[in-house]
Amino acid sequence: MRRAEPRRLAVWPLLAAGLVAAAPPVVGDDAFAGGTAAMVVHDLRSGQVLRLGGERTALRLPPCSTFKVPNTLIALAAGAVDPEDSYVEWDPVRAPREAFWSDAWSQGQDLESAFRRSAVWYYQELARRVGGER
């Protein structure tokens, strides 16, 4: 696949939408009743913890696509990715295709396409670039 031309990305509106979607609902815990959703929000200023979703909040579950929101913000703040030149070619050796992958993941991505597609391998690469120390 050829490298995409650097372009101005519309990442911030996507992040804002993701953060709004991740915000606690105003309607309360009953919005999560009987469903598979769960959310735990920890207010670092007050120390208050809000749990929505009953017993599911005690389970350790993978963050799935919600991880891309803080991962993107951290990578941008750390300078691990330049939004104007964020293309990364997919390396099937480093990130082998898995059965659950969307076909759209098995190709090079830039920050915008990876965000829209929730391309796990791209976000794993961003996390490696940021590094555990940071």
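The secondary structure of the protein comes to four helices and two strands. These elements are DSSP runs, numbered from the N terminus: helices are H or I of at least four residues, strands E of at least two. Along the sequence, their pattern reads α-β-β-α-α-α. The model is predicted: local features need pLDDT of at least 70, side-chain atom pairs count only at pLDDT 80 or more, and totals for chains, interfaces and linings use all residues. Residues are numbered from 1 along each chain as its sequence is written, and side-chain values use heavy atoms, with hydrogens and water left out.

The two strands run antiparallel. Strand E1 covers residues 39-42 and strand E2 residues 49-52. Four bridges join them; strands pair if DSSP finds at least two bridges between them. Val-40 has Arg-51 in E2 as its bridge partner. Six residues lie between the strands of this hairpin. Within the hairpin, Gly-47 takes a positive phi near 85 degrees.

The protein has 134 residues, of which 31% count as buried. Buried means under 20% relative accessible area, exposed over 50%, and partly exposed in between (1.4 Å probe, protein chains only). The protein exposes about 9000 Å², by the Shrake-Rupley method with a 1.4 Å probe; for residues, only the protein chains shown count as cover. Carbon and sulfur atoms supply 57% of that area.

Contact means heavy atoms within 4.5 Å. Among contacts between residues at least 6 apart in sequence, 52% join residues at least 24 apart. Asn-71 lies in helix H2, residues 68-78. Asn-71 counts as buried because its relative accessibility is 4%. Leaving aside residues up to four places away in sequence, Asn-71 touches Tyr-123, Leu-126 and Ala-127.
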